[in-house]
Amino acid sequence: MKSFRLQLRFLVPLVLILAVAAYLALPLMDRLNLRWFARDLNMRGALVTNALSESIADALPEPRGRKLQALFNRALQDERLVAIGLCSTQGKLVRTTPNFPKDLSCARAEQIAAEPDPLLRIGGGPVHVGVHPVNAEAGRMGDLVLLQDLSFIERRSQDTRQYLIILIGSLGAVIALATVIVAQLSWRGWVSGTRALLRGEGLIRPLSGTAPELAPLAADLRARLRELEDEYRRSQGPEADWNPERLQSLLRTQFSGDQVIVVSNREPYIHERSGTGIVARRPASGLVTAVEPVMRACSGTWIAHGSGSADRDVVDSHDRVALPPGHSEYLLRRLWLTAEEEKGYYFGFANEGMWPLCHVAHVRPVFRESDWECYRAVNRRFADAVVQEARSEDPVVLVQDYHFALLPAMVREKLPRATILTFWHIPWPNPESFGICPWRREILQGMLGSTILGFHTRFHCKNFIETVDRYLEARIEHEHSTISFQGVSTFVESYPISIEWPTESETRHWLPVAESRRRVFERLHIPPGQRLAVGVDRFDYTKGILERVHAVERMLEKYPEWVGRFTLVQVAAPSRGELEEYRAFRERITQVTERINQRFSAPGGPVIRLLVEHYDHEAVNELYRAADVCLVTSLHDGMNLVCKEFVAARDDERGVLILSRFAGAARELPEALIVNPYHVEETADALHRALTMPEAEQRERMASLRTTVREFNVYRWAGRMLADAGRWRLRERIAARVQRHQTS
Ligand code: F6P
């Protein structure tokens, strides 16, 4: 309908133009005809006069003029000749045929003959007037006035007019028809081409070949698309609420509800045998804390290592179990590793090699050839599991962490159209540090199978790009933060990870802060009135636990008024206990803690309570709500979610966060007391300051921290990554098609 209206807009002016053309052309045609015929008749008249000249010269001397009359009568037998008159050399009419007009003198005839249209009307019909000299042997005898019938011209003109009208009409019809057909085809082509372009399918039309007319538009369209995206992004704004529903709707709109597959080493729930039967417990893992709520929102399949003692007891014949327990919102597919595989891939290459390599925490990385082989083989096993679980050729695969650096390229090999988002949960070191890894090239190549590669901070992205630049022959576009390697483009971006902001249905069950405090103090036998600081970590050398207890010692030295009035509760979830480095670290902390406790022993009980056990989410939350201070003193940390959990727990807007400047979170949470954990004095002072901070200042800082964490929650983290992946997928498609189009 729209195209028909457009065509009418063209056809109506066309008809009008043709009508005007016909209106102007026909009289012009008549006049041209007349002139052509007048010229012919002039020539004809000259010929007739020449033929008659000698005869006229003979007949003229005869006084009665009979001979001349007879001559003229014979000449008049030519049906075109209407009348003849003979003018003397003095311009007098000496002889005429009967129908020669009475009022036509020789002078007048000469005047008419000299005009461009030498016409005279006799009896309503047009007559051509020609005056031709009669030249005989004896000299000039006078002029012959020949009047020739021109009415045949009018008849011919009529015919010509008809032909012309038919010609213009037919021409108009042909042009109109051709226009309609071309317009229809072009319109459809443009519409489908433009739609395809906007959908990202580019300039190629499968049925009708290429649409070159769209090529110049492609760049403009893409630019406009980017502007619209930016506008959209701005309109959404950081303040816009990210929640499970928004994430789901993003998946529906950008990925048409495509399947989401998560791959991580750590599983979201570990099933273990206990005295009362099988229990499902959430592991102490920032990765699980962040990814689990996203998975609940997206459904899909999570592939992870089944490491619990009862994990095999609860899976079906495909090694799958629906989670969370009792809700079945997504599937966990468990992969079983042999003790050898776990030793080489997880403890060995991942945690003795990559972990210290990336954390630069003064623990030497260990790289063994056998661990590397294991790491490669296990990556291959998980990649195969992804391919098995994929229900389409372009699933969205979320690869988690340093355990799977090789997996993105392995999946890409089998599922070239998959959207692979790899998130690196730990820091990325500078090229020099990374260069000590013997398999640096293989690791980088594996990671560059990803569509998007995410780090917590811009600084880690920069380190990664520089590392690629140093060790691979890849094309890097710094402006767009992209790396093209072996035909795959990877977008490198920072996505600060976060937590799920507690929902109202959750907070409703929280005990008041005072009650939480009372319960914690009672359970841990801390005398009421004490000031309480908490630390909650995996028992890991990167967490700065040693520096933390040293800072407590220093504070008590420096500010002795706190002795007997202060307690640090340090929860340290056992982690990677098979590794010597971790065992030694645990021993060291235990010894130092005992020493400090002895040194500052007071009636209030030990100053440091080291709880080497797993605390579940509720217990940790209660501890956060009971505390005056939360200490996060990582020596190097990708993000650290403990600090965000503490902030989320404090709906009373009290409590002070002390945060290491070497944790990614420090960039987002400047209202915390930021410290250098290596500088024990500084941390000790910060602790004293936190314990003496007025309530108004606590509230001000905490309110601001809470706004940030609420807004920059984990759905935003996942949403931004997925939205970028959607856009990236679109751009890639457009670019590929434009390129194909240009080379075709
Ligand atoms: O920080 C890296 C990380 O993988 C986190 O994502 C997670 O919190 C932690 O290590 C868990 O370690 P593991 O799975 O070895 O216990």
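A compact globule of 744 residues would have a radius of gyration near 27 Å, whereas the protein chain has 50 Å. The radius of gyration is taken here over C-alpha atoms, and the globule rule is 2.2 Å times the number of residues to the power 0.38. Along its principal axes, the C-alpha trace spans about 170 × 55 × 50 Å. The model is predicted: local features need pLDDT of at least 70, side-chain atom pairs count only at pLDDT 80 or more, and totals for chains, interfaces and linings use all residues. Residues are numbered from 1 along each chain as its sequence is written, and side-chain values use heavy atoms, with hydrogens and water left out.

The domain assignment gives domain 1 (38-154), domain 2 (260-494) and domain 3 (523-712); such bounds come from an automatic or database domain assignment. The C-alpha centres of domain 1 and domain 3 lie 131 Å apart. The protein chain has 23 helices and 25 strands. Helices (H or I, at least four residues) and strands (E, at least two) are DSSP runs, numbered from the N terminus.

Of the 744 residues, 51% count as buried. Buried means under 20% relative accessible area, exposed means over 50%, and partly exposed lies in between (1.4 Å probe, protein chains only). The protein chain exposes about 34800 Å², of which carbon and sulfur atoms supply 54%. Accessible areas come from the Shrake-Rupley method with a 1.4 Å probe, and for residues only the protein chains shown count as cover. Among the contacts with a separation of 6 or more, 71% are between residues 24 or more positions apart; a contact means heavy atoms within 4.5 Å.

Two residues illustrate separate places in the chain. Met-29 belongs to helix H1 (residues 2-59) and, at 24% relative accessibility, counts as partly exposed. When residues up to four places away in sequence are not counted, Met-29 touches Thr-160 and Leu-164. Between Met-29 and Trp-302 there are 86 Å in space, C-alpha to C-alpha, and the two are 273 residues apart in sequence. Trp-302 is in turn one of the residues touched by Glu-292, together with Pro-268, Tyr-269, Arg-282, Pro-324 and Tyr-330, again not counting residues up to four places away in sequence. Glu-292 lies in helix H7 (residues 286-298) and is buried, with a relative accessible area of 0%.

Which residues of H14 are buried? They are His-460, Cys-461, Asn-463, Phe-464, Ile-465, Thr-467, Val-468 and Tyr-471. The buried residues of H14 pack against several elements, including helix H12 (431-434), helix H13 (440-447) and strand E16 (452-455). Strands E17 (475-477), E18 (482-485) and E19 are also among these packing partners.

The structure holds 49 salt bridges, each being a side-chain nitrogen of Lys or Arg within 4 Å of a carboxyl oxygen of Asp or Glu. In one of them, Arg-458 pairs with Glu-493, the closest N and O atoms being 2.8 Å apart. Arg-458 lies in helix H14 (residues 458-471) and Glu-493 in strand E19 (residues 488-494), so the pair ties together parts that are 35 residues apart in sequence. Arg-458 is partly exposed at 43% relative accessibility, whereas Glu-493 is buried at 16%.

Because Lys-462 and Glu-466 are four residues apart in the helix, about one helical turn separates them. Lys-462 is partly exposed, with a relative accessible area of 41%, and Glu-466 is likewise partly exposed, at 31%.

Another salt bridge connects Lys-558 with Glu-681 (2.8 Å, N to O). This pair links distant parts of the chain, with Lys-558 in helix H17 (residues 545-558) and Glu-681 in helix H21 (residues 680-691), 123 residues apart. Lys-558 is partly exposed at 31% relative accessibility, and Glu-681 is partly exposed at 26%. Both residues belong to a network of salt bridges that also links Glu-553, Arg-554, Glu-557, Arg-595, Arg-599 and Asp-685.
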